[in-house]
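Subject: Structure handover

Hi,

Here is the structure for your files. Please open it alongside this note. My findings follow below it.

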Amino acid sequence: MATTLLKQDRLVSLDLFRGITMFLLLAEGAGIYEALGEMVREESLGASLIRQFHHHPWNGLRFWDLIQPFFMFIVGVAMWFSVNKRLKTGTRVQVHKHILRRCLILLALGVTLHIGYQQRLVWELWNVLSQLSITILIAYLIIRLPYRSQLFISFGLLLATEALYRFTGIPGYDQPFVKDQNFGSYMDLVLMGKINPGGGWVAINCLPTAAHTIWGVLCGKLLAENWPHREKLRYLLMGGIVGLVLGYGLDLSGITPIIKRICTSSFVWVSGGWALLGLALFYWIWDVKGIRRGFPFFILVGMNSIFIYVFMETVGKQWFNPFFKIFFRGSIGRWGWGENWVSLFSAVLSLAFVWYLAWWLYRRKIFIKV
C-alpha cells in the first residue's frame, strides 16, 4: 500500500496529517471516547487522559480543541495544490464555479447534519462543514495575493473579531468572554433566531478561524516551492513557535483568554501554531526521513475525508452503533458484561466498519470529491 501511495503525484505527508485527524474524528463519531470515559474512575489518570478528547468547557485548551483547526488548516494546504492543478486544465471562471459550488455543498451538508442530530427541520450553522464553507471562500478570494498581503488579511480578521466582541456594546451581549452574553451569541440570534443550547458555540467563528485556512494556503504555497527540506521546515517551525508564544501569551497575560467555543484570537493563534508544528512533524516523518511503515492505515482515511466524515455522522452514528449495541447486549450482555463494555465494543466495531469502507474506496480508486 505504501508503494502505491508513493506513486501518486501528491503531498503524502499532508494526506498523513489529514488521515490521522480524520481517524480521530471518526473515533469520536463512533463514540469511543464517550464509552471509555464511562469506564474510568473520576479524577483518575485515565479520566484526565480521556478529557483531552473532549472540548474544554470554556477558558482553556485540550487536545480535542485542536482537531477542527487542524482540519481547516489542512483544507487550506490542499487548496493551494488543488486550485493550481485545476488551472492547468481549466479556466479561472471554471475554478471560481467549482469553489462556489463546493462551498454551497459544504453549507448544505453542515445544515443537514444538524437536522439529523435534532431529528427535525432546523436552521443551525455550528457544524464544522458550515464553518468550512465560509473559510474556504475567504481563503480562495485572496489566494493570488502575495504572502504578506494574505498574512495581513488574516491578522485583520482576528483584530476585527476582537473589536466586535469588545466594543459593540449590545445590551445583554456586551461581555466579550462570557458564555451566551457575547457578540457571537447576539449574531446567532440574528442568523438563526437562537443561541447554542448550553455549549456556547457561535456561528461567526468562521471569521477568525478563516485565518487557519489562509495560513494553510500559505503553507501549501511554501511546500510547493523548489526549496530544500530544511528551509521549508525552518519556516514551519518558526511560524508554529510564534503562534504558540502569541496565543499562550495573550491568555496568560489576561488580555484575551483561550476559548475555543468563540474562537478568540488567542485560541486561533495557539491552535494555528500547533497546526504548523503538526504539518512540520508529518513533513519531517514522510518527506525528510522517509518513514513509511504503518502510516498508510491512516492515509487512506483522508483520501475521502468529507464523505467519510458525513457517513460516520449519519449512517455510522445513527445506524451502525445502535444496531451493534443490540447485538452485543444479546451476546456479551448475557455473559455479565455491563453496558459500558457494550458501548465500547459497538463503538470499536462501528469505527472498524467505516475504516473498511475507506479502505474499500481507496482500493478501487474511488475518490468522492466535494
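First, a term: a residue is buried under 20% relative accessible area, exposed over 50%, and partly exposed in between, with a 1.4 Å probe and protein chains only. This is a predicted model, in which local features need pLDDT of at least 70 and side-chain atom pairs count only at pLDDT 80 or more, while totals for chains, interfaces and linings use all residues. Residues are numbered from 1 along each chain as its sequence is written, and side-chain values use heavy atoms, with hydrogens and water left out.

Salt bridges

A salt bridge here is a side-chain nitrogen of Lys or Arg within 4 Å of a carboxyl oxygen of Asp or Glu. The whole structure has 6 of them.

Glu313 pairs with Lys317, at 3.0 Å from N to O. Both sit in helix H14 (residues 305-329), 4 residues apart, about one turn of the helix. Helices are DSSP runs of H or I with at least four residues, strands are runs of E with at least two, and numbering starts at the N terminus. Glu313 is buried, because its relative accessibility is 3%. Lys317 reaches 31%, so it counts as partly exposed.

Arg329 and Glu339 also form a salt bridge, at 2.8 Å from N to O. This pair links distant parts of the chain: Arg329 is in helix H14, Glu339 is in helix H15 (residues 339-363), and they are 10 residues apart. Arg329 is partly exposed at 40%. Glu339 is partly exposed too, at 39%.

In helix H8 (residues 147-167), Arg166 and Glu162 lie 4 residues apart, about one turn of the helix. Their closest N and O atoms are 2.7 Å apart, in a salt bridge. Arg166 is partly exposed at 31%, whereas Glu162 is buried at 14%.

Helix packing

The axes of H5 (residues 67-89) and H6 (residues 92-118) come within 9 Å and cross at roughly 145 degrees. Axes are lines fitted to C-alpha atoms, for helices over the stretch in contact, with angles from 0 to 180 degrees between N-to-C directions. On the H5 side, Val75, Val83, Arg86 and Leu87 meet Arg92, Val95, His98 and Arg102 of H6.

Val77 is also in H5. Its relative accessible area is 0%, so Val77 is buried. Beyond neighbours within four places in sequence, Val77 is in contact (heavy atoms within 4.5 Å) with Leu14, Gly216, Val217, Cys219, Gly220 and Leu279. From Val77 to Arg101 is 24 residues in sequence and 19 Å in space, C-alpha to C-alpha.

Backbone

Most residues other than glycine have a negative phi. Gln119 is not a glycine, yet its phi is positive, about 60 degrees. Gln119 lies in the loop between H6 and helix H7 (128-141). Its relative accessible area is 61%, so Gln119 is exposed. Lys365 has a positive phi as well, near 55 degrees. Lys365 lies in the segment after H15 and is exposed, at 61%.

Worth a look on screen

Which helix holds Trp284? Trp284 is in helix H12 (residues 265-288). Trp284 is partly exposed, because its relative accessibility is 37%.

Best wishes
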